[in-house]
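Here is a short report on one chain.

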Amino acid sequence: MLRPTTNGVLKGYRYHLRWSGNTMNKARETVLTQRNFNSFAEDPAAAARCFQLRRSYLRTASQYSVGDSVSKKFDVAWHTMKSVIDDVNNRPNDSAWAEVIHAQNGPTAAGRNALGDSLDELAEGIIQTMNAKYGDKFVFAGADGMNLPFVWDDAKGLLYRGIPVDSSVPEVEMNGATPPAPVEYGPDGQAGAGFYKKPDGTMIAKGDYETEKKNVDALKYMAEDEKKFADLGLGLKEDENGNLIQDSAFNTALQGIDFLGYGKDADGDPKNIVSLLRKASKILKNCDENSGAFAPGEQATLDRLAQKISKAGAELTRKHTELDTRKHFLDSNQGQLEGNGYTLQEQFLGLEDVDMADAISSFVWAKYCYDSSLKVGNSILSHSLMDYLNN
């Protein structure tokens, strides 16, 4: 049998041979995977750090993807508004529309009727343009991107998401209470119920008054309060009551009435440019068919509307400038998100990825050690066998 000293040498050799083989295999795996570690147990500190970095990277990538969609939507909105402004302001060099309306096509009935038709076409063109879509959603439909925002109804006028844009709460007699409430009258004007009295003495049905108030409240909510927020990397956060802190997110809703206007002014004229154009058109097409003369009082009304159309055109330009500012912010934010993504990627790859030159050198050295161990083993086995035969 083998001598004990020989057994000890063989045991030591087998141990070191296994260790050398494992080292070579690990070095080979590092070269093939190009990673510093393949499990949490191999390097807990680095693995935990990489998990945090990758989670931040995925969140940033998601924010960039959402931001890209929002940015493209605002691009469509910007070009849409530019098209509307070009159509509205593409007139002779006259900031006021009064002379344009009266002089264009001549002061004849045919000329004024033709101009009226032109204004109708312009109003219709604005509606169609403002119904632009990005993907499968309407750009200017606010938080409700699936339904057509603007529709012209001959009876109700311009509708925005089904609500008349020219809605306004009529002035009626109030009782002086706190809060004040309209005084109700009967149909004969005597104190009663069912009607409210206007300052000019005419009556309005209580139901009609409440409908107008409801419509105005809805329009005001959509224009001022309805929002649709997206996480674009602005530090999305909630307050202590669980409500979103609005400055930590981006409002992606674009309300069409915020650009075109809604309600009526003190003169009872519409504030939105489409209704103003339609109202001016109606006056122009109502001129005497022979002389071209305006109906009594309508020329003064047209002069007033012309000034308001001019102001509405200027307001469109101002709103377009605001939209341009928001668009530039989105572009800038996208650039920052992209930079953050590259930085995070470099950080976790720096922890995970190996230096291939070092990894290959380590593998070559480990293989050399393993091969050397095999050669030493050949010598040990040969001497051990001779010792065994000699005994």
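Two strands pair if DSSP finds at least two bridges between them. Helices (H or I, at least four residues) and strands (E, at least two) are DSSP runs, numbered from the N terminus. This is a predicted model: local features need pLDDT of at least 70, side-chain atom pairs count only at pLDDT 80 or more, and totals for chains, interfaces and linings use all residues. Residues are numbered from 1 along each chain as its sequence is written, and side-chain values use heavy atoms, leaving out hydrogens and water.

**The sheet.** Three strands form an open sheet in the order β3-β4-β5, with antiparallel pairing. β3 (150-153) and β5 (163-164) are its edge strands, since each pairs on one side only. β4 (residues 157-160) pairs with β5 over two bridges, in the antiparallel sense. Tyr160 has Ile163 of β5 as its bridge partner.

Arg161 sits in the loop between β4 and β5. Its phi is positive, about 55°, although Arg161 is not a glycine.

Buried means under 20% relative accessible area, exposed over 50%, and partly exposed in between (1.4 Å probe, protein chains only).

Contact means heavy atoms within 4.5 Å. Leaving aside residues up to four places away in sequence, Gln255 touches Phe140, Ala141, Gly142, Ala143, Tyr160, Arg161, Met222, Ala223 and Glu226.

**The core.** A nonpolar core is a set of buried Ala, Val, Leu, Ile, Met, Phe, Trp, Tyr and Cys residues joined through side-chain atoms within 4.5 Å. The largest one has 47 residues, of which Ile126, Met130 and Ile273 touch the most other members. At least two residues of this core come from each of α2 (44-89), α4 (109-130), β4, α5 (206-225), α6, α7 (273-284) and α8 (298-352). With residues up to four places away not counted, the contacts of Met130 include Phe140, Phe150 and Phe259.

**Helix α7.** α7 has 12 residues and reaches 16 Å from its first C-alpha to its last, close to the 16 Å expected. The expected span is 1.5 Å times one less than the number of residues. Of the 12 residues of α7, 10 are buried, so the helix is largely enclosed by the rest of the structure. Among the buried ones are Ile273, Arg278 and Leu284. At the start of α7, a side-chain oxygen of Asn272 comes to within 3.1 Å of the backbone nitrogen of Val274.

Key
A polar contact is a pair of N or O atoms within 3.5 Å; within protein, one must be able to donate a hydrogen and the other to accept it, and residues adjacent in sequence count only if both atoms are side-chain atoms.
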